[in-house]
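Subject: Structure for you, with notes

Hello,

Here is the structure I promised to pass on. My notes follow below it.

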Amino acid sequence: MTQGSTLNVAGEKKTKIFISHSSKDIEYVRKIVDFFEDINIPEDGIFCSSIPEYGIPGGKKIYEFLREQFENYNLHVVFVLSDNYYESVDKSKLIDGAIN
């Protein structure tokens with residue numbers, strides 16, 4: 001890990017919230033992001049792939065980007081569980097692919 005914006009003033013990994021969800025649930029997910037904004041979680045403290053300003057930077061692949069997030073941040077995962085979530089891509093494989 002390189003020194004930079006992923007470290008807090010104490011030299012520790014910054015905390016980031018990763019919202020794991022189905023893109024079909026964007027209506028609910030947007031409300032969760034709005035809540036985090038309302039309690040002053042900074043934009044760079046949230047990762048949510050379905051909302052462009054909180055998503056994957058251009059040119060990055062999902063597994064590569066998630067791996068970087070797990071390596072560089074104290075990542076807290078919020079699971080938005082729904083029928084859509086369970087019917088979509090196997091999320092455990094997605095996260096496993098990112099950290100292994």
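Contact here means heavy atoms within 4.5 Å. With that cut-off, and leaving aside neighbours within four places in sequence, Asp25 is in contact with Ser82, Asn84 and Tyr85. Asp25 sits in the loop between β1 and α1. It is buried, with a relative accessible area of 4%; the cut-off for buried is under 20%. Please keep in mind that this is a predicted model.

The sheet

The sheet is open and has three strands, in the order β2-β1-β3. Their pairing is parallel. β2 (46-47) and β3 stand at the edges. Each of these two has a single partner strand, so one side of each lacks a neighbour in the sheet. Strand β1 covers residues 15-20, and six bridges join it to β3. Helix α1 (residues 26-38) lies across β1, β2 and β3. The helix runs at about 165° to β1.

Glu12 belongs to the segment before β1. Its relative accessible area is 48%, so it counts as partly exposed. Not counting residues up to four places away in sequence, Glu12 touches Thr6 and Leu7. Tyr73 is 61 residues from Glu12 along the chain, yet their C-alpha atoms are separated by 8.8 Å.

Salt bridges

How many salt bridges does a search of the whole structure find? The search finds five.

Start with Arg30 and Asp34. Their closest N and O atoms are 3.0 Å apart. Both residues are in helix α1, four residues apart, so about one helical turn separates them. Arg30 is partly exposed, at 26% relative accessibility. Asp34 is also partly exposed, at 29%.

Arg30 has a salt bridge with Glu53 too, with the closest N and O atoms 3.5 Å apart. Glu53 lies in the loop between β2 and α2 (62-72), while Arg30 is in helix α1, so this pair ties together parts that are 23 residues apart in sequence. Glu53 has a relative accessible area of 41% and is partly exposed.

Another salt bridge joins the side chains of Glu68 and Lys60, at 2.8 Å from N to O. Both ends are partly exposed: Glu68 has a relative accessible area of 25%, and Lys60 is at 31%. As for shared partners, salt bridges join Arg30, Asp34, Glu37 and Glu53 into one network.

The surface

Which residues make the nonpolar surface patch of about 360 Å²? They are Phe79, Leu81 and Tyr86. Phe79 is in strand β3, which spans residues 74-79. Phe79 counts as partly exposed, at 45% relative accessibility. Its strand, β3, is one of the two at the edges of the sheet.

Where to look

If you have only a few minutes, I would open these places:

- Asp25, buried in the loop between β1 and α1.
- Arg30, which has salt bridges with Asp34 and Glu53.
- Phe79, Leu81 and Tyr86, which make the nonpolar patch.

Best wishes

How values were computed. Residues are numbered from 1 along each chain as its sequence is written. This is a predicted model: local features need pLDDT of at least 70, side-chain atom pairs count only at pLDDT 80 or more; totals for chains, interfaces and linings use all residues. Side-chain values use heavy atoms; hydrogens and water are left out. Patches are made of residues with over 30% relative accessible area and no salt bridge: like charges are joined within 9 Å, nonpolar side chains (Val, Leu, Ile, Met, Phe, Trp, Tyr) within 5 Å. Accessible areas come from the Shrake-Rupley method with a 1.4 Å probe; for residues, only the protein chains shown count as cover. A salt bridge is a side-chain nitrogen of Lys or Arg within 4 Å of a carboxyl oxygen of Asp or Glu. Buried means under 20% relative accessible area, exposed over 50%, partly exposed in between (1.4 Å probe, protein chains only). Two strands pair if DSSP finds at least two bridges between them. Axes are lines fitted to C-alpha atoms, for helices over the stretch in contact, and angles run from 0 to 180 degrees between N-to-C directions.
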